[in-house]
Structures are given as C-alpha cells and as structure tokens.
Amino acid sequence: MIAQWPCPGPQGQTAEYAQAFDRQREARVLIVPALFDKANRMRRMLLDAMRHLDAAGIDSFLPDLPGCNESLQPFQAQSLHAWRAAMRQAAQHFKANHVLAIRGGTLVFPHTLPGWVLEPVKGATILRQLLRARVIAARESGRNEDIASLLETGRAEGLELAGYRCGAALIAGLESAVPLVEGQRLISQSELGGSGLWLRAEPGPAPEQSSALARIIVDGLSQ
C-alpha cells in the first residue's frame with residue numbers, strides 16, 4: 001500500500017510517499033534505500049522482502065527520499081543533511097523501532113534505531129563512481145572531462161551526475177560522509193547469495209535475495 005508522511009523540505013513541510021505494510025504490529029522496520037540509480041535497481045527486491053516480512057507479522061516502510069521517485073521536492077535542493085532529517089521524520093511518523101539501511105542509505109539512516117545495514121558504502125566511493133561514469137560518457141561523446149575539474153565545479157555550483165542535478169551541498173556532503181554503523185547488524189551480500197543488485201544494468205526481481213534478507217530480519221527480531 002501507499003502511505004504519506006510529513007517531510008521537512010527547503011520550502012517547508014511537504015507530503016512524501018512511502019510503500020508500507022502497516023497492520024499496527026509491534027515490530028516496525030523503516031527501510032532506507034540506496035542512493036541514486038542504485039535505489040531503482042534494488043526496489044523490486046526490497047518490496048518483495050517487505051511482503052515476506054508482512055507474512056511473518058512485521059510491519060515495514062520504504063519511504064522515498066525527498067527529490068526522488070514521486071517526491072515533488074527538487075532534487076537539486078537536496079543534501080545528505082536534508083535526507084537525514086527526512087528519514088528521522090519518517091521513522092517518527094511511522095513509529096519505526098528498527099531500521100534497515102541499504103548501501104548509500106547508511107549515510108542518511110536514523111542510526112539511533114537498532115537494526116541492519118546491507119553493504120554500507122562511503123560517500124566518497126559513491127561520488128567517485130558517479131564522476132567516473134560521467135567522464136566515460138563524455139569520452140564516448142567526443143568530449144574531454146576529468147574528475148578533478150568536475151569535482152571543483154561540483155563543489156562550487158553543483159553538477160549533473162547520472163541524470164541527477166546534484167547541488168553543491170550534496171557534492172560536499174558525499175565527499176566526506178562515512179556510514180555510522182556501530183551497533184548495527186552488518187549484512188554482507190554473500191549472506192543473500194548472488195551478486196549485488198546495484199551492479200546490474202537494469203532493475204529486476206531477485207526472489208532468493210528477498211527471501212534471505214527477510215529471513216535475516218525475522219531471525220534477528222526473534223532473538
């Protein structure tokens with residue numbers, strides 16, 4: 001089902017959307033998605049995992065990051081700080097008592113909640129991958145760009161990366177951000193089987209990984 005939640009934004013509070021399995025049960029898990037196109041590649045797997053959790057008696061919530069998917073907020077106005085505030089608000093609104101953060105979502109999840117982190121990644125790593133992809137695309141189009149010059153421009157005025165217009169604040173935040181995962185249960189990709197969905201060229205289902213991810217959460221909550 002689709003749920004709405006009140007989210008702080010640059011122009012004041014807005015209504016944002018989340019996928020939700022909410023039957024007012026005791027266990028309530030907020031899922032913070034990966035960042036950029038990685039979120040799209042993993043969304044189907046996460047939704048299938050949420051269905052498994054629902055069958056196991058666990059409520060779960062997958063909010064849109066502001067500026068992404070159905071959000072009406074401009075992506076260019078976003079920053080890691082804004083996304084952290086949004087995820088804290090989502091956790092509070094949905095009364096989440098556990099959290100699952102995916103890849104770059106570990107840079108913005110409410111780490112005061114107990115839970116799980118799947119293959120956390122540094123912001124600098126995400127930024128480097130985005131910059132490298134832009135340089136390669138430019139070269140294929142006959143243009144010469146280099147990472148150092150792009151980064152300098154991004155720090156000053158923002159930059160378009162992988163189809164996202166990133167503001168200077170987001171670029172600066174990614175440069176220095178590291179996951180705060182102390183006290184969280186680290187999930188490695190090997191526990192889910194197969195390769196990481198964020199490495200795929202196109203999004204798609206991964207039923208075995210969905211089932212394995214849900215099982216880890218169910219087992220963790222039962223202990």
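Mentor: Let us begin with the naming of elements: helices and strands are DSSP runs, numbered from the N terminus. On that basis Asp 64 lies in the loop between strand 4 and helix 2. Please keep in mind that this is a predicted model.

Trainee: What makes Asp 64 count as buried?

Mentor: Buried means under 20% relative accessible area. Asp 64 has 3% relative accessibility, so the residue counts as buried.

Trainee: Which residues are in contact with Asp 64, leaving aside its neighbours within four places in sequence?

Mentor: They are Trp 5, Tyr 17, Ala 18, Arg 43, Asn 69, Glu 70, Ser 71 and Met 87. As for Glu 70, its backbone nitrogen lies 3.5 Å from a polar atom of the Asp 64 side chain.

Trainee: Where is Gln 78 placed, and why is Gln 78 called buried?

Mentor: Gln 78 is in the loop between strand 4 (59-63) and helix 2 (80-93). Its relative accessibility is 1%, and the limit for buried is under 20%, so the term applies.

Trainee: What makes the pair of Gln 78 and Gln 73 a polar contact?

Mentor: The side chains of Gln 78 and Gln 73 are joined at 3.1 Å. By contrast, Gly 193 is 115 residues away in sequence and 34 Å away in space, C-alpha to C-alpha.

Trainee: How many aromatic pairs does the structure hold, and why is the pair of Phe 36 and Tyr 164 given the label that it has?

Mentor: There are five aromatic pairs. For Phe 36 and Tyr 164, the ring centres are 5.3 Å apart and the planes stand at 80°. Centres must lie within 6.5 Å for a pair, and planes over 60 degrees apart count as edge-to-face, so this pair is edge-to-face.

Trainee: Why is that pair said to tie together parts that are apart in sequence?

Mentor: Phe 36 lies in the loop between strand 3 (28-32) and helix 1 (37-55), whereas Tyr 164 belongs to strand 8 (residues 164-166), so the parts tied together are 128 residues apart in sequence.

Trainee: Are the two partners buried or exposed?

Mentor: Phe 36, with a relative accessible area of 5%, is buried. Tyr 164 has 18% relative accessibility; the limit is under 20%, so Tyr 164 counts as buried too. Ring pairs also link Phe 36 and Tyr 164 with Phe 75 and Trp 83 into a cluster.

Trainee: How do you know that the charged end of Arg 103 sits over the ring of Trp 198?

Mentor: The charged end of Arg 103 is 4.3 Å from the centre of the Trp 198 ring. Arg 103 is found in the loop between strand 5 (98-102) and strand 6 (115-118). With a relative accessible area of 13%, Arg 103 is buried. Arg 103 also has a positive phi of about 45° although it is not a glycine.

Trainee: Why is Glu 119 called partly exposed?

Mentor: Buried means under 20% and exposed over 50%, so the 23% of Glu 119 makes it partly exposed. Glu 119 is found in the loop between strand 6 and helix 3, and its phi is near 45°, a positive value in a residue other than glycine.

Trainee: What makes a space a cavity, and what volume does the largest cavity have?

Mentor: In a cavity, a 1.4 Å probe fits but cannot get out. The largest cavity has a volume of about 100 Å³. Its lining includes Phe 36, Arg 103, Gln 129 and Leu 130, and helix 3 gives the largest share, three residues.

Trainee: Which element gives the most to the lining of the largest pocket?

Mentor: That element is helix 3, with four residues. The largest pocket has a volume of about 230 Å³. It is lined by 14 residues, and those closest to its centre are Asp 37, Lys 38, Gln 129, Leu 130 and Ala 133.

Note on methods. Residues numbered from 1 in each chain as written. Predicted model: local features only at pLDDT ≥ 70, side-chain atom pairs only at ≥ 80, totals over all residues. Heavy atoms only, no water. Helix = DSSP H or I, 4+ residues; strand = E, 2+ residues; numbered from the N terminus. Buried < 20%, exposed > 50% of the residue type's maximum accessible area, 1.4 Å probe, protein only. Polar contact = N/O pair within 3.5 Å; in protein donor to acceptor, adjacent residues only side chain to side chain. Phe/Tyr/Trp six-rings, centres within 6.5 Å; stacked < 30°, edge-to-face > 60°. Lys NZ or Arg CZ within 6 Å of the ring centre and 35° of its normal. 1 Å grid on protein atoms, 1.4 Å probe; cavity = no way out; pocket = protein on both sides within 12 Å on 5 of 7 lines; lining within 4 Å. Points joined across faces, edges and corners; volume = space filled by probe spheres on them. Contact = heavy atoms within 4.5 Å.
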